[in-house]
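Reader: Please take a close look at one part of this structure for me: the packing contacts. Give me the setting first, then the details.

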Amino acid sequence: MKKQNYLFGIIGLIAGLALGYVGTGYLNRQAPGATENAAATAEGELPPGHPPSNPGGGEGGAAGPAMDEIQQARNAPNDFDLQMKAAGLFKQIGRSEGALEFYERAQKVKPEDPDLLITLGNANFDLKRYAEAEKWYRLALKARPNDALIQMDLGSTFYLREPRDLEQAISFYRAALKADPRHEKSLQNLTRALLDKGEKAAAGQTLAQLEAVNPANKAIEKFRAELK
């Protein structure tokens, strides 16, 4: 899932197979750290392919005025806005590592900014650095303890890492649903994790809840097939 300008993003998984678009269901997570942390949609894949960089550019594909702005940010490490602007420039050319560097620099200026903590979690998540993403999401959760999307993302860091920790994933998905019982993506992720764990009775219950929230959810048919 590509996280740009707080757009929706997505995770697709197949139980016991490689990360990718699923045959058995979907795992979703939220988009970049916006105040309401826009939830992922139910179609697509994560991590996404990044847009092509500018092959004629300078640092990491950046060129011209962008290079000047990036250098300005480097020369003014205490300027939060410049760090965020540089990170955004790297995101535009699909350079996640470069964006992460400047998000980290910005966080040194505003260490407790919850939106930035979420963004750092998201940036590491997109780079498959799930343990590092967990760290930032936990810090964000201290500021927003009832945020279902942060709880859901935390669960997904445990679902996707190697080795996978289904117990922790399920725990955080349930915490997300405690914060928001109708949170569609958490219901979907919890159903997926319960099926993977072999808890079909519990998965059937969460699937019924998912159907009540959104009967058009694209994972439902696949979940039903697994429950047969």
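**How the helices pack**

Author: Read from the N terminus, the elements run β-β-α-α-α-α-α-α-α-α-α-α. That gives two strands and ten helices in the protein (DSSP runs numbered from the N terminus: helices are H or I with at least four residues, strands E with at least two). The model is predicted: local features need pLDDT of at least 70, side-chain atom pairs count only at pLDDT 80 or more, and totals for chains, interfaces and linings use all residues. Residues are numbered from 1 along each chain as its sequence is written, and side-chain values use heavy atoms, with hydrogens and water left out.

The protein has 228 residues, and 51% of them are buried (under 20% relative accessible area, with exposed over 50% and partly exposed in between; 1.4 Å probe, protein chains only). Take the contacts in the protein with a separation of 6 or more: 57% of them join residues 24 or more positions apart. Contact here means heavy atoms within 4.5 Å. The accessible surface is about 10400 Å², and carbon and sulfur atoms hold 51% of that area (Shrake-Rupley method, 1.4 Å probe).

Start with H3 and H4. Helix H3 covers residues 96-109 and helix H4 covers residues 114-126. They pack at about 155 degrees, with axes 10 Å apart (axes are fitted to C-alpha atoms over the stretch in contact; angles run from 0 to 180 degrees between N-to-C directions). H3 and H4 are therefore roughly antiparallel (over 145 degrees; under 35 is roughly parallel, 65 to 115 roughly perpendicular, the rest oblique). Their crossing is left-handed (the near helix is turned anticlockwise from the far one by less than a right angle). On the H3 side, the contact uses Leu100, Tyr103, Glu104, Ala106 and Gln107. H4 answers with Leu116, Leu117, Thr119, Leu120, Ala123 and Asn124. By class, this contact has seven nonpolar residues, three polar and one charged (nonpolar: Ala, Val, Leu, Ile, Met, Phe, Trp, Tyr, Cys and Pro; charged: Asp, Glu, Lys and Arg; polar: the others, Gly among them).

Stay with asparagine 124, in helix H4. Its relative accessible area is 1%, so asparagine 124 is buried. Beyond its neighbours within four places in sequence, asparagine 124 touches Leu100, Arg129, Glu132, Ala133 and Trp136.

Next, H6 and H8. Helix H8 spans residues 184-197. H6 packs on H8 at about 25 degrees, with axes 10 Å apart. That makes H6 roughly parallel to H8. H6 passes H8 in a left-handed crossing. From H6 come Ala148, Met152, Ser156 and Tyr159. From H8 come Lys185, Ser186, Asn189, Arg192, Ala193 and Asp196. The set divides into four nonpolar, three polar and three charged residues.

Leucine 160 also sits in helix H6, which runs over residues 148-160. At 11% relative accessibility, leucine 160 counts as buried. Leucine 160 is 29 residues from alanine 131 in sequence, yet 9.9 Å away in space, C-alpha to C-alpha.

Last, H9 and H10. Helix H9 (residues 200-213) packs against helix H10 (residues 220-227) at about 155 degrees, with axes 11 Å apart. That makes H9 roughly antiparallel to H10. The crossing of H9 and H10 is left-handed. Lys200, Ala203, Gly204, Leu207, Leu210 and Glu211 of H9 meet Ile220, Phe223, Arg224, Glu226 and Leu227 of H10. Six of these residues are nonpolar, one is polar and four are charged.
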